[in-house]
There are 2 protein chains.
Amino acid sequence: MTPIPIHDPDDPRVADYRQIRERDLTGRRGLFVAEGAVVLNVLASPQSRCRAVSALIAEQRIETLRPVLERLAAPVYAAGQGVMDAVAGFPIHRGILALGEKPAEPDLADLLTAAPGDGLVVAVCGVGNHDNMGGIFRNAAAFGAHAVLLDAHCCDPLYRKAIRVSVGAALRTPFVTGLDPLAMLDGLEAAGFSLLALSPSGEQSLSEVRPGGRAALILGAEGPGLSPAVMARCRTVAIPMAGGFDSLNVAATSAVALHQMRFG
Amino acid sequence: MTPIPIHDPDDPRVADYRQIRERDLTGRRGLFVAEGAVVLNVLASPQSRCRAVSALIAEQRIETLRPVLERLAAPVYAAGQGVMDAVAGFPIHRGILALGEKPAEPDLADLLTAAPGDGLVVAVCGVGNHDNMGGIFRNAAAFGAHAVLLDAHCCDPLYRKAIRVSVGAALRTPFVTGLDPLAMLDGLEAAGFSLLALSPSGEQSLSEVRPGGRAALILGAEGPGLSPAVMARCRTVAIPMAGGFDSLNVAATSAVALHQMRFG
C-alpha cells in the first residue's frame, strides 16, 4: 500500500469525496461513504459484504492505519487536514474517509431459505431516522441476526451516519430494501419464520416470548407504529412501560426484543 | 397566558437564549435549555422536578401550544422565526425553546432510602456522550427506575441534547451527579440494593438475572468499561454477543438489562 498524495482539493481522483453532506442528500451512483476507524476496519474485514473503492486519509493517520489500509485492497489517497476538509466541505476531525460500492441486494426468498434453524430476522417498516437505522443494524449484528428487511419507507442503511452509528454492521449484515410490508410477511412465512410484531398495544408481554425456531421481529416507526394490516398477521407483543411514560426508542426496542428472542 | 412579543434579538428579556450552542459549552448559571414540543410538555407537567423560567416560541406555534404554555406558569416570549434564529444563533426549526432551573440534587442516602422494595436504580460511570446519557434516562424512565446516579466523569444530563434524547425523562427522574464510584456503591449497599455490573467480561449471563428486591444496574462507558475496583464489589453479568461483533451501545445495554431486571 503506497499512499497517493493529494495536494489539490479539486483533484479529480477525489471527486467522489467532494461536498459529502450535499451528496448524501442526492445519492452518489451506487457508492457510499464510510468514516472513522471503526467503520474502516469493518470495510477492510473479510466479513464486509461491500467492496472498497478508495480511502482518503489525513497524512498523519496513515502510519497507524497501515495494517487496515493494506487489507482494504483499494487506492489510498493521503491529504493534509486542510485539503481533506476542503474536499469534504466540513472538518473531518478523525481524518478517515472511504468510498465503498453498494452491494447487490440478495433475493428475499434465497436469503430467508439460507437462514439457520434458529435464525432471527429483523423486519422494519417506516423507520426514517438514520440514528435509529444504525442502532437497529448494530443490535441485529450484536445478537447475530441473519438479515434485516426494510420496507420502502425506511431510510438508507448505507447513508454515512447510519453506517457510523451501526459501527459498521450495515456493511456486514445482509439486507433487502424497498419491500412491501405484506410481501415481506409472505416471504417470511413461506420460509417458516414466526412473526413477532412489537407494539405498545401488543396483546402479550415480551417477557412471555421464548426462543425457538426461525423468528422475525417486526418493528415500526415511533409514533405511527405498524399498520393494522401488518399487526393482524403477527403475534403482537408489548414491552410493559412505567406509568405514563413515552415508549422506548425503536433501536432500544430492537435490542430488548432480540435479547429476549435469543436468550429469554 | 398572554405572549410577550419580542422584535429585537438583543432584547434583554431573551438574553439567556442567546447563542445557545456556545453557552451549552460554558454553562448558564443553574439554568438549562429545553427544546421541542415533547420536552416542553414534560417541563410543564406535574411530573417535572424542574421549574420553568420562561419560554421562547415562534409566533406561528403559540396557538397550538396554548394548553401546554398555560400549564408552564412562566413568561412566554413570542418571536418571528427570524428573530428566534438570530437569538439562538442557529435555525430553531421547531420554534420551541424554554429555560428551566436546575433542581437541587437530593441527598444520596435519603433518595435511596425512599426507593420502593423492588426499586431499580441506574448507576453510571464515565459516560460522556449526550446521546447515550439521554438514552439511559429515557430507558430508566420507561422501566420506572427510581433514580439515576452519575459519577464525576459523566456528562450533564440537563444539557440540551441529552434532555431532547431523553424525551424529557431527565426532567422527571431524580438524579445525583459527581459521585465517587465506590461511595456510590457504599450508598447503594447501605440501602439494601444488590449491585449488578454489566460488562462484556461479566461472569454470568444477563438472562440468569431474575427480578427481586432493590437492585442497582452499574454501567460504564463503551471502551474503558468499569474499573476493577467497581467490578470487584458487584455481581458481574454479560450480554452474550454474536461471534466477533462489537458490544452493544451503552444506552441499548441499559434497556436490555432493565427489561431483564424488571420482567426476566
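**A guided reading of the model**

Guide: We may begin with one residue of chain B: Val33(B) counts as buried, at 2% relative accessibility. The model is a predicted one.

Visitor: In which element does Val33(B) lie?

Guide: Val33(B) has a relative accessibility of 2% and is therefore buried, since the cut-off for that class is under 20%. Its place in the secondary structure of chain B is residues 31-35, that is, strand S2.

Visitor: How far apart in space are Val33(B) and Leu108(B), C-alpha to C-alpha?

Guide: Along the sequence, 75 residues separate Val33(B) from Leu108(B). In space, the distance between their C-alpha atoms is 25 Å.

Visitor: What separation is found between the C-alpha atoms of Val237(B) and Leu111(B)?

Guide: Val237(B) belongs to strand S12 (residues 235-238) of chain B. Its relative accessible area is 0%, so Val237(B) is buried. Leu111(B) is 126 residues away from Val237(B) along the chain, and their C-alpha atoms are separated by 26 Å.

Visitor: How many aromatic pairs does a search of the whole structure find?

Guide: A pair of aromatic rings is described by the distance of the centres and the angle of the planes. Over all chains, the search finds aromatic pairs to the number of four.

Visitor: Which geometry, stacked or edge-to-face, does the pair of Phe137(B) and Phe175(B) have?

Guide: The ring centres of Phe137(B) and Phe175(B) are 5.6 Å apart, and their planes make an angle of 85 degrees. Planes over 60 degrees apart fall into one class, so the pair of Phe137(B) and Phe175(B) is edge-to-face.

Visitor: Why does the pair of Phe137(B) and Phe175(B) tie together separate parts of chain B, and how many residues apart in sequence are they?

Guide: Phe137(B) is in helix H6 (residues 130-142), whereas Phe175(B) is in strand S8 (residues 175-179).

Visitor: What is the distance in space between Ala255(B) and Phe137(B), C-alpha to C-alpha?

Guide: Ala255(B) is part of helix H11 (residues 250-263) of chain B. With a relative accessibility of 0%, Ala255(B) is buried. Ala255(B) and Phe137(B) are 118 residues apart in sequence, while the distance in space is 10.0 Å.

Visitor: Over which ring does the charged end of Arg21(A) sit?

Guide: The charged end of Arg21(A) is 4.1 Å from the centre of a ring in chain A. Arg49(A), for its part, lies over the face of Phe175(A), at 5.7 Å from the ring centre. The ring under Arg21(A) is that of Phe90(A).

Visitor: Where in chain A is Val167(A) found?

Guide: Most residues other than glycine have a negative phi, and most peptide bonds are trans. Val167(A), which is not a glycine, has a positive phi of about 45 degrees. Val167(A) is buried, with a relative accessible area of 13%. Its position is the loop between helix H7 (160-165) and helix H8 (169-172).

Visitor: Is Val167(B) buried or exposed?

Guide: Val167(B) lies in the loop between helix H7 (160-165) and helix H8 (169-172) of chain B, and its phi is near 45 degrees, a positive value. Its relative accessibility is 13%, so Val167(B) is buried.

Visitor: What is the volume of the second largest pocket?

Guide: The lining of the second largest pocket has 22 residues, and those nearest the centre include Glu222(A) and Ser247(A). Strand S11 (215-220) and helix H11 (250-263) of chain A each supply at least two residues of the lining. By kind, the lining residues are 12 nonpolar, seven polar and three charged. The volume of the second largest pocket is about 460 Å³.

Visitor: What radius of gyration does chain A have?

Guide: The secondary structure of chain A comprises 11 helices and 12 strands, and its C-alpha trace spans about 60 × 40 × 30 Å along the principal axes. For 264 residues, a compact globule would have a radius of gyration near 18 Å. The value for chain A agrees with this, at 20 Å.

Definitions and conventions:
Residues are numbered from 1 along each chain as its sequence is written. Chains are lettered from A and ligands numbered from 1 in the order in which they are written. This is a predicted model: local features need pLDDT of at least 70, side-chain atom pairs count only at pLDDT 80 or more; totals for chains, interfaces and linings use all residues. Side-chain values use heavy atoms; hydrogens and water are left out. Rings of Phe, Tyr and Trp (its six-membered ring) pair if their centres lie within 6.5 Å; planes under 30 degrees apart count as stacked, over 60 as edge-to-face and the rest as tilted. Helices (H or I, at least four residues) and strands (E, at least two) are DSSP runs, numbered from the N terminus. A charge sits over a ring if NZ of Lys or CZ of Arg is within 6 Å of the ring centre and within 35 degrees of the ring normal. On a 1 Å grid over the protein atoms alone, a cavity is a set of points where a 1.4 Å probe fits but cannot get out, and a pocket is an open set with protein on both sides within 12 Å along at least five of seven lines; lining residues have an atom within 4 Å of a point. Grid points are joined across faces, edges and corners, and a volume is the space filled by probe spheres set on the points. Ala, Val, Leu, Ile, Met, Phe, Trp, Tyr, Cys and Pro count as nonpolar, Asp, Glu, Lys and Arg as charged, and the others, Gly among them, as polar. Buried means under 20% relative accessible area, exposed over 50%, partly exposed in between (1.4 Å probe, protein chains only). The radius of gyration is taken over C-alpha atoms; the globule rule is 2.2 Å times the number of residues to the power 0.38.
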